[in-house]
Amino acid sequence: MGIHLASRRHSLRAAAAATALACVAGLGTAAVAVAAPPSPPPSKSTAYPGSVPPWAGSRAKTGIPLSNTTIEGEIYLGLRDEAGAKALATAVSTPGSPQYGQFLSFAQWKSRFAPAPADTDAVVNWLQAQGMVVTGVPDSGQYVVFRGTVSQFNNAFQVSEQTYSFEGQSLIGPDRAPTLPGDIAASVSAVSIDQGRMLTRPDNVVDGGDAQPAAKTAPPPVATPCSEYWDQKEVAVPPTETGATSVPTVLCGYTPGQIQAAYGLGNGVAMNTTAGTGQTVAIIDAYAAPTMAQDANQYASLHGLPALTSTSYRELLPPVYYDQALCGQPSGWQGEEALDVEAVHSTAPGANILYVGGSNCGGGLDLAMSKVLDGQLATVVSNSYGYVGEAVPSDVLLGEQNNHLQAAAEGIGLYFSSGDSGDEKAALGYTSPDFPASSPFVTSVGGTSLALGASNNYLWETAWGTTRQAIVTQSDGSLAYAGPLPGVFQYGAGGGRSAAFDQPAYQAALVPAALAGGKRVSPDVSALADVWTGFKIGYSPITNDHSLNSGSYSELRIGGTSLACPLTAGLMASAQAAASKRIGFANPAVYQAAAAPTAAMRDVTSPAHAINLARAYPGQTYVATLGLDTSLVATSGYDDVTGVGSMTEAFAQQVAAQH
C-alpha cells in the first residue's frame, strides 16, 4: 500500500479536503463532555508503557476532551532484524569498512528488514475494524498513520485520553499505557496516540518576530539602518560591557553571492551556477505554498541564480491538509519552505530540488520522508524542523529511527536542524537536544553567527546564542539600558547530550567523554543561523490559510538552524557532485575528516569579549550580545553548539574524499 502524494490545484484540494472532512466527521457524532471509562482490556493484550508521552502526568492534566474530537495516531511495526539493520547502516556509511558505499536498493531493504506485508495489513485491518480511518501507509510498511475520535481511541487502546498542558498548548494524550491485542502486538514496536508531535515546528527565526508590542508610529530610541556587511554602519548606544559607545547595526541579510563566498563556492561576484549538478536534494516540510516555484524563480532572477525549471524543481504534495491550527497553519510553514528552497539553491545551484509536503506536522512528515526513501528520489534530504527536546514517547523515538536506518542503508543523507531554543531547559525543566536531530543516524546541524567584510571576505564566526537588552529613554532625555547587559536570552542553537541514544562509535574519538557521558551528543556540524546576521529570502506570503490566497512578493531576513540545515545539505550535495559519489549518512566520514590535521572546517569558539549589534523596531531598540547559548558552550574542538565546526565546501569535499 503506497502513499498518495500528488501535485495540487486549489479546486481539487478543496474538494479533497471536503471529502476528508466528511469522512472524519463520520468517525463520531454526539459531543459528550465526559468520555465513558474504557472497558477492561482483553486477557491476552500487550501494554506499551514506552508509548506514554513524558508530559502526560497528573500535574499537567487539565481535563477530558470531547469524545468526538478527532486525533491522529501512528503505529510503528518492528524491523525484522533491527540489530542487523543498525550494523548494515553503520558499515555502508563508515569509511574503511569493506561495505562502505555498498548501499541497498529499496527492494533489498524491504525484503531484508521491513515488516512482513501481512503484519502491516493486519494492523490496517484491525484499525479499520475499530472504526479508524487509515490516512497513510508507506511502501515499506514500517508504520501506519490513522485518525479516529477520542472515543474510538479509548475503546481500541484501553486508555482514557485526557487533555494536558504542555508548552502553552492543550494537548490530548493517554492516561496510561496503550494496549493492543496479542496477535497484533506481536509485530508492533510502538503506539503513538497523543498530540505531542503536533508541536513540531520549523526551526527558524523571522526578523522582527521577537519584537515586543509597541505603537507602530512610535520612533525607536535609536534608529538602526541595516548593514550589507559586518560593521558597514554603526550607531551610538549607551556604553556596552566593553565600554564601547557605538556598535554595528544588524545585517540586512546575506545574499546568495555572499553565502557562496562565505562557504568557498565562489567569490560572491561571479556566481557559481553549476555546483551540485546531477544531485537531487529533497526538502520536507508540512503543507506547501502555492507560489513557491514562481517565488523561487523571482528570487533567483534578483540574485544571480539559475532559473528553476519543471525538471530542476518538482513538488510532491498531499491532497488534504490536517491539524492546521495545531501545526501552525500553512502560512506558518511558508517562510520555512522558501528558506529551504532558496538556501539549497544558493549552495547547490546546479542540483535538482524536490519539495515533498506533509499533510500535517506529525505523521504527515513521516509519510513525506518515506515517499523519498521508498522511491529513492534524492541523495540528500534537508529537514528543518524538530520536536521540543526528546519529549516524545521513548518507543516512538525508536520507531521514528527506523526511517533513519533505511535512509543510511540506501545511501541517502538525512540532515536535521538542531533547534533554536538552546538546551531546552526553559521549556522542559531539564536539558535536552531536539529530536530528530539527536538520532545517531542523521546529521545534526547547529548554528553560528557569521561576519563577512565589504569584499565578501570571511571575518569570523561564533556560536549562535543571542541575548538582548532594550535601550530606553530616561526622564532627562538620555539613553540607558533597561537592565544589565547581556540581557535576556532570545534564541540559540540546540544541542547537548541525548537521554535516549547511546554514543555512536563515530563520536568516540572527538567528543569529550565529560560532554558525552556515554550518550549521543548533538550537533555534528554547523552553519549560519543567527537572524541578526541572517539570510535574505523572498516569497509571496499567504494571506488566507483556508483559500491559500497570497500577497505580493517581498524579501526579508531570516535565520535559525532551519537556515544552517539547507545550507549544509546544499554544500554536501555540491561535494557529492564534485566527487561523483554518494556519501549517504555522512557522520562517520564527517568525524574522520574532522580528525585529520588538514581538516577544512572552521573551529568555532566562544568570543573573547562581547560582540554587540543594534536592531530597532517601532518604538524599540535592542542591543544584542552574540555567542551566549544557554548552558551550551562553544570550545576548541568538538562542542555541543557547533559540532566539529562550521561547514565549508572544502570540508564537505574532504568528507566526500573519505574511502
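Which cysteine forms a disulfide with Cys-327? Cys-361 does, with the two sulfur atoms 2.1 Å apart.

## Model confidence

This is a predicted model. The chain has a mean pLDDT of 93, and 92% of its residues reach 70 or more. Residues 1-36 have a pLDDT below 50. Beyond near neighbours in sequence, that stretch has 69 contacts in the model.

## The Cys-226 to Cys-252 link

The structure holds two disulfides. One of them joins Cys-226 to Cys-252, S to S 2.0 Å. Its S-S torsion is about 95°, so this disulfide is right-handed. It links distant parts of the chain, 26 residues apart. Cys-226 sits in the loop between strand 11 (205-206) and strand 12 (234-236). Cys-252 sits in the loop between strand 13 (246-248) and helix 7 (256-262).

Cys-226 is partly exposed, at 29% relative accessibility. Cys-252 is buried, at 11%.

## The Cys-327 to Cys-361 link

The link of Cys-327 and Cys-361 is left-handed, with -80° about the S-S bond. This pair also connects distant parts of the chain, 34 residues apart. Cys-327 belongs to helix 9 (residues 324-327). Cys-361 lies in the loop between strand 16 (352-358) and helix 11 (363-375).

Cys-327 has 1% relative accessibility, so Cys-327 counts as buried. Cys-361 is buried too, with a relative accessible area of 0%.

Counting bonded cysteines along the chain, the disulfide pattern is 1-2, 3-4. Cys-565 is in no disulfide. The nearest cysteine sulfur to Cys-565 is that of Cys-361, 17 Å away. Cys-565 is buried, with a relative accessible area of 0%.

Conventions. Residues numbered from 1 in each chain as written. Predicted model: local features only at pLDDT ≥ 70, side-chain atom pairs only at ≥ 80, totals over all residues. Heavy atoms only, no water. pLDDT = per-residue confidence, 0-100. Contact = heavy atoms within 4.5 Å. Disulfide = S-S within 2.5 Å. Helix = DSSP H or I, 4+ residues; strand = E, 2+ residues; numbered from the N terminus. Buried < 20%, exposed > 50% of the residue type's maximum accessible area, 1.4 Å probe, protein only.
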